[in-house]
Amino acid sequence: MELTIDGRKVRAPEGEKILWAALDAGIEIPHLCAIREADRPWGGCRLCWVEVEGKGLVTACTEPVREGMVVRTDTEEVRRLQRRILGLILRDHPMECKTCPKRPTCELLKWMRFLKVKIPKDLRPFPREMTEPDESHPLFVFDPNKCILCGKCVWVCKEVEGVGAIDFAFRGYGMRVTTFLGKPIVQTPCTGCLRCVEVCPVGAFYLKEGVELERGKEEHLGERP
Ligand code: SF4
Ligand code: SF4
Ligand code: FES
């Protein structure tokens with residue numbers, strides 16, 4: 001079917017979500033939690049707002065394309081909302097970028113640059129209690145303090161690797177990614193496949209020094225190579 005995104009005619013298969021139709025056409029929409037291969041969108045980060053004519057603001061990773069649909073990705077309202085959401089995510093994030101191993105591929109930094117959002121100085125210092133990073137695994141570290149709850153590690157561990165060593169626990173503001181009973185990750189059925197490190201968009205899962213990913217690069221699910 002054919003739709004219009006930012007004045008451009010774009011073709012996409014029926015049932016496709018606006019986000020993937022736009023990305024395939026080279027139109028950037030900020031997003032942090034979307035997984036193209038997932039059966040159902042998680043819709044957790046709320047960053048991918050776009051405006052649909054006749055419908056208003058929708059999240060692009062959950063809204064399917066329709067014939068003749070008119071989408072705008074960069075209106076003032078869209079950008080205002082995206083900057084606000086990103087600001088809220090940053091409020092809970094320890095900005096230790098200088099020493100963060102994920103800095104070169106960090107998606108938070110990417111969208112901060114894209115949306116021209118600065119570190120919200122007025123919201124610092126970091127308001128949450130810090131948790132000790134889990135360094136029990138010989139290959140990687142899990143630092144829950146940097147987790148933005150995108151859900152990609154949980155999905156890949158359960159749905160791709162069929163392991164389920166990590167999952168979400170608690171609800172609302174207390175929600176976090178953890179192991180069963182909060183055990184050190186090395187005491188879980190984790191196989192050391194490192195898929196969590198590959199998909200994590202920030203520095204919450206990272207390799208220990210001297211360890212390298214086999215494929216040699218981070219994997220951004222569903223995105224163009
Ligand atoms: S995950 Fe990104 S934003 Fe967070 S400390 Fe690391 S480089 Fe900085
Ligand atoms: S650890 Fe990384 S991949 Fe997992 S939910 Fe947190 S930010 Fe997402
Ligand atoms: S990418 Fe759409 S809600 Fe996260």
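L3 stands opposite V10 in strand β2, with strands taken as DSSP runs of E of at least two residues and helices as runs of H or I of at least four, both numbered from the N terminus. The pair belongs to β1 and β2, which run antiparallel over four bridges; two strands count as paired if DSSP finds at least two bridges between them. The hairpin that β1 and β2 make has two residues between the strands, and D6 takes a positive phi near 50° there.

Before going on, some bookkeeping: this is a predicted model, in which local features need pLDDT of at least 70 and side-chain atom pairs count only at pLDDT 80 or more, while totals for chains, interfaces and linings use all residues. Residues are numbered from 1 along each chain as its sequence is written, chains are lettered from A and ligands numbered from 1 in the order in which they are written, and side-chain values use heavy atoms, with hydrogens and water left out.

Back to the strands. β1 (residues 2–5) is also joined to β5 (residues 70–72), this time in parallel and through two bridges, with T4 facing V70 of β5. The whole sheet is open and five-stranded, in the order β2-β1-β5-β3-β4, and its pairing is mixed. Because β2 (8–11) and β4 (56–59) sit at the edges with a single partner strand each, one side of each has no neighbour in the sheet. On average, neighbouring strands of this sheet are turned by 35° against each other, direction ignored. Helix α2 (residues 76–91) packs on the sheet and touches β3 (49–52), β4 and β5, contact meaning heavy atoms within 4.5 Å. The direction of α2 makes about 160° with that of β3; axes are lines fitted to C-alpha atoms, for helices over the stretch in contact, and angles run from 0 to 180 degrees between N-to-C directions.

A second hairpin is formed by β7 and β8, with six residues between them, and F170 in its turn has a positive phi of about 65°. Here β7 (residues 166–169) and β8 (residues 176–179) pair antiparallel over four bridges, and F168 has V177 of β8 as its bridge partner.

As for domains, the assignment gives domain 1 (2–85) and domain 2 (129–207), the bounds coming from an automatic or database assignment. Their centres, taken over C-alpha atoms, are 28 Å apart. Seven residues of domain 1 touch nine of domain 2. Between them the two domains bury about 630 Å², 74% of it on carbon and sulfur atoms; buried area is the accessible area (1.4 Å probe) lost on putting two parts together, summed over both. L32, I35 and W42 supply 73% of what domain 1 buries against domain 2, more than any other three residues.
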